[in-house]
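Subject: Structure handover

Hello,

Here is the structure for you to look through.

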Amino acid sequence: MYLGASSEAYLRFLLALSGTIFLFFILVLVLALLLLRYFYLNFKKPLERLVHELEKGGELSLTGYRELDALVSAIKTYTEREKEFLSREHELKLELERSAKLSAIGTMAGGYAHEFNNLLQMILFNLELAEKGIKEGDYSLVNKHFDNIRNITSRGQNLARRILYLTKSIPGETSQVCDVIQNLMGVFRTMVPREIELRYEFICPKPCTVPLSPDSLKEVLINLIKNAVDAIEVVKDKVERKEIKISVVSLEEKELLLTVSDTGCGMTEEVKAKLFTPFFTTKGFEKGSGLGLFVVYNLVRNAQGRIEVESKPM
């Protein structure tokens, strides 16, 4: 007796269970063989087509199905055309940038050449008048024209310094930052539209001296303020508070923080990465040469300083 059943009944149960399991495995095996045959036939057809195409010397099929081949070919053609278009567009963009850079250099060089030519003509004119005064014996007139020549030469020196700003500052010169800014407040007010508020903050217990000439520091400030004005002009209809703030804070014995901040449009990370690259501009070369912040960067770096930019796009 097994669990209340007779031995014969138990054996019949085991035989039935064994038969069921055997039939199940047979069924699984048949299904597996059918699946194998199905996959074999489906893989065989593309291979036969491939062999047939190779024998004929025709184009090889990518998938074994003409419809899919046509779709893949169309996608491939479109992708290649798109790559070619983007490549041409990139080349045209680079060529345009190169032309703009050369144009900016030419414009800048032409401007400086024109200014130098004017100074030379003024010097020649005063020399002629001085020569005439010498012949006439009017030495007061001679001294006057030589003073004019001296002043014109000084203007030429300042012009040469402005050219040097593109690469380095004039060595050995220093300036008091707060004094320079206070002397330029009128200039800044003229540069900045009236609807934009100009604020100043000076936290300097003692004189804040930097190894930059007053003209170099003026160049730095003017370029930074110009960019601040441009940033505000972009979003002038979207912001209520239009403000540019210039602050000077004495940090340590030999360090100070000069900050020019604005409530303008801000900039993306991509623009920030190229900010001090020569000839890089977001305003177009018809409005800017892309040299302003490059000049600022070189002046500050050559004065053993550093520049940090904090900005987020609106």
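Helices and strands here are DSSP runs, numbered from the N terminus: a helix is a run of H or I of at least four residues, and a strand is a run of E of at least two. This is a predicted model, in which local features need pLDDT of at least 70 and side-chain atom pairs count only at pLDDT 80 or more, while totals for chains, interfaces and linings use all residues. Residues are numbered from 1 along each chain as its sequence is written, and side-chain values use heavy atoms, with hydrogens and water left out.

Overall picture

The protein chain has 8 helices and 5 strands. Read from the N terminus, the order of elements is α-α-α-β-α-α-β-β-α-β-β-α-α. A residue is called buried under 20% relative accessible area, exposed over 50%, and partly exposed in between (1.4 Å probe, protein chains only). Of the 314 residues in the protein chain, 23% are buried. Accessible areas come from the Shrake-Rupley method with a 1.4 Å probe, and for residues only the protein chains shown count as cover. The chain exposes about 22800 Å², and carbon and sulfur atoms supply 59% of that area. A contact means heavy atoms within 4.5 Å. Among contacts with a separation of 6 or more, 66% are between residues 24 or more positions apart.

Leu14 lies in helix H1, which covers residues 7-56. Its relative accessibility is 34%, so Leu14 counts as partly exposed. Patches are made of residues with over 30% relative accessible area and no salt bridge; like charges are joined within 9 Å, and nonpolar side chains (Val, Leu, Ile, Met, Phe, Trp, Tyr) within 5 Å. One nonpolar patch of about 770 Å² includes Leu14, along with Leu11, Phe13, Leu17, Ile21, Phe24, Phe25 and Val28.

Helix H6 (residues 214-234) has 21 residues and reaches 31 Å from its first C-alpha to its last, close to the expected 30 Å. The expected span is 1.5 Å times one less than the number of residues. Several residues of H6 are buried, including Leu217, Val220, Leu221, Ile225 and Val229. What do the buried residues of H6 pack against? Their partners are strands S1 (175-176), S4 (243-252) and S5 (255-262), and helices H4 (177-183), H5 (185-191) and H8 (292-302).

A nonpolar core is a set of buried Ala, Val, Leu, Ile, Met, Phe, Trp, Tyr and Cys residues joined through side-chain atoms within 4.5 Å. The largest one has 28 residues, of which Val177, Ile181, Phe188, Val192 and Ile244 touch the most other members. H4, H6, S4 and H8 each give two or more residues to this core. H6 supplies the largest share, 8 residues. Apart from this core lies another of 6 residues, among them Tyr112, Ile123, Ile149 and Leu159.

Setting aside neighbours within four places in sequence, Ile181 is in contact with Phe188, Tyr200, Phe202, Leu221, Ile246, Val248 and Leu258. In helix H8, the buried residues are Leu293, Val295, Val296, Asn298, Leu299 and Val300, and H6 is part of what covers them. Just after H8, Gln304 takes a positive phi of about 65 degrees.

Ser247 is in strand S4 and is buried, because its relative accessible area is 8%. Not counting residues up to four places away, Ser247 touches Glu201, Leu257, Leu258 and Thr259.

Salt bridges

Side chains of opposite charge can pair when their charged atoms come close. The rule for a salt bridge is a side-chain nitrogen of Lys or Arg within 4 Å of a carboxyl oxygen of Asp or Glu. That rule gives 9 salt bridges.

Asp147 and Arg150 form one of them, at 2.6 Å from N to O. They are about one helical turn apart, because they sit 3 residues from each other in helix H3 (residues 139-164). Asp147 is partly exposed at 37%, while Arg150 is exposed at 53%.

Glu243 and Arg199 form another, at 3.4 Å. This pair links distant parts of the chain, with Glu243 in strand S4 and Arg199 in strand S2 (residues 197-203), 44 residues apart. Glu243 is buried at 8%, and Arg199 is partly exposed at 35%. Salt bridges that share partners join Arg199, Arg241 and Glu243 into one network.

Glu308 and Arg306 also form a salt bridge, at 3.2 Å, and both residues are exposed.

Regards
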